[in-house]
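Subject: Structure handover

Hello,

Here is the structure I said I would pass on.

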Amino acid sequence: MRCLIVSDLHYALPQFDWLLQAAPRYDLVVLAGDALDVGSLVDFRAQTLVVRKYLQRISSLTRLLVCSGNHDLDAQSETGEKIARWIEDVRRLGIACDGDSVLIGDTLFTICPWWDGPKVRDQLLVQLEADSKKRDGKRWVWIHHAPPRGSAISWSGSRTMGDADVDQWIRTYKPDLVFAGHIHQSPFVKDGSWVDRVASTWVFNTGHQFGAPPAHIVMNTKEDEAIWISAMGVQSVKLQQPLERPVQDLHEMPIWFDAPAA
Ligand SMILES: [Fe+2]
């Protein structure tokens with residue numbers, strides 16, 4: 001399975017246009033949070049309508065998994081927690097999103113909502129616990145906007161910005177892979193990275209850059225290889241090998257990268 005992972009598009013329409021064009025080349029597209037931008041001059045409601053249309057078009061071309069990020073929270077629950085209510089409209093389009101667990105081939109994807117308080121956090125823990133019982137020899141992947149605290153993928157350049165709970169959950173449940181975003185600069189700053197390991201788990205943060213294309217990760221689950229493509233260049237890791245620093249630049253794309261979609 002060839003997957004395209006992006007995060008933190010922040011309502012950058014040229015990046016959504018690029019994603020729409022790129023999508024048919026992949027078996028799966030993952031949008032790991034912050035599709036919208038709370039700081040945008042565009043009204044939040046208008047943003048949700050436009051982004052929903054993009055997501056609908058992308059999902060007509062390939063499989064799409066979407067989780068919410070902290071910029072996607074457009075409502076408050078009865079308990080006062082900020083939530084991404086518009087994601088429910090995305091779900092109605094048949095797109096897998098927050099709270100869904102999806103089995104694709106030999107890989108179980110757990111799509112985690114952004115949690116702003118105990119209710120959504122507790123729901124997520126129930127989901128992780130339930131999915132831990134379903135993994136049963138399968139590859140287990142989490143899509144969770146916030147990266148784990150203490151990792152190179154949550155390094156701001158001067159301190160760790162990640163989530164301590166996520167770090168703990170990874171150590172408890174030991175998923176194979178976690179796709180995150182949130183800390184935009186981590187891949188671009190000294191001692192930061194787009195890839196790291198927390199115990200046995202591979203964790204990723206695409207990072208955020210302006211303009212198209214967005215910084216993105218292409219992963220081939222059959223070849224067990226992940227490639228990061230950004231304005232900084234192209235780097236690759238092989239998931240069956242130990243992580244080495246510095247991560248090596250990739251000077252020639254593997255044959256599978258340009259092969260037609262399955
Ligand atoms: Fe973001």
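The notes below start with the whole chain and then go through parts of it.

This is a predicted model, in which local features need pLDDT of at least 70 and side-chain atom pairs count only at pLDDT 80 or more, while totals for chains, interfaces and linings use all residues. Residues are numbered from 1 along each chain as its sequence is written.

Overall

The chain has six helices and 15 strands; these are DSSP runs numbered from the N terminus, with helices being H or I of at least four residues and strands E of at least two. Its radius of gyration is 17 Å, close to the 18 Å that the globule rule gives for 262 residues, so the chain is as compact as a globular protein of that length. That radius is taken over C-alpha atoms, and the rule is 2.2 Å times the number of residues to the power 0.38. Along the principal axes, the C-alpha atoms fill a box of roughly 50 × 40 × 40 Å.

Of the 262 residues, 45% count as buried. Buried means that 20 or more other C-beta atoms lie within 10 Å of the residue's own, exposed means 12 or fewer, and partly exposed is in between, with C-beta atoms placed from the backbone.

Core

The largest nonpolar core has 72 residues, and those with the most contacts inside it are I5, V29, V30, I143, F179 and F204. Such a core is a set of buried Ala, Val, Leu, Ile, Met, Phe, Trp, Tyr and Cys residues joined through C-beta atoms within 7 Å. Leaving aside residues up to four places away in sequence, F204 touches I5, I153, V178, F179, A180, W194, V195, I217 and A226. A contact means that the C-beta atoms of two residues, placed from the backbone, lie within 7 Å.

Sheet and hairpins

Seven strands form an open sheet of mixed pairing, in the order β6-β3-β2-β1-β13-β14-β15. At its edges stand β6 (96-97) and β15 (233-238), each with a single partner strand, so one side of each has no neighbour in the sheet. Two strands pair if DSSP finds at least two bridges between them. β14 (residues 225-230) pairs with β15 in the antiparallel sense over six bridges, and A226 has V237 in β15 as its bridge partner.

β11 (residues 195-198) and β12 (residues 201-205) run antiparallel and are joined by four bridges; D196 stands opposite V203 in β12. Two residues lie between these strands, and A199 takes a positive phi near 55°. β7 (residues 101-104) and β8 (residues 107-111) also run antiparallel with four bridges, and I104 stands opposite T107 in β8. This hairpin has two residues between its strands, with G105 in the turn at a positive phi of about 60°.

Helix α5

In α5 (residues 164-173), the buried residues are V166, D167, W169 and I170. They cover an arc of only 165° around the axis, which puts them on the same side of α5; the arc is that of the directions from the helix axis to the C-beta atoms. These residues pack against α4 (118-134), β10 (177-180), β11 and β12. Just after α5, K174 takes a positive phi of about 55°.

N220

N220 lies in β13 (residues 216-220). It counts as partly exposed because it has 18 C-beta neighbours inside 10 Å. Not counting residues up to four places away in sequence, N220 touches R2, E225 and W256.

Regards
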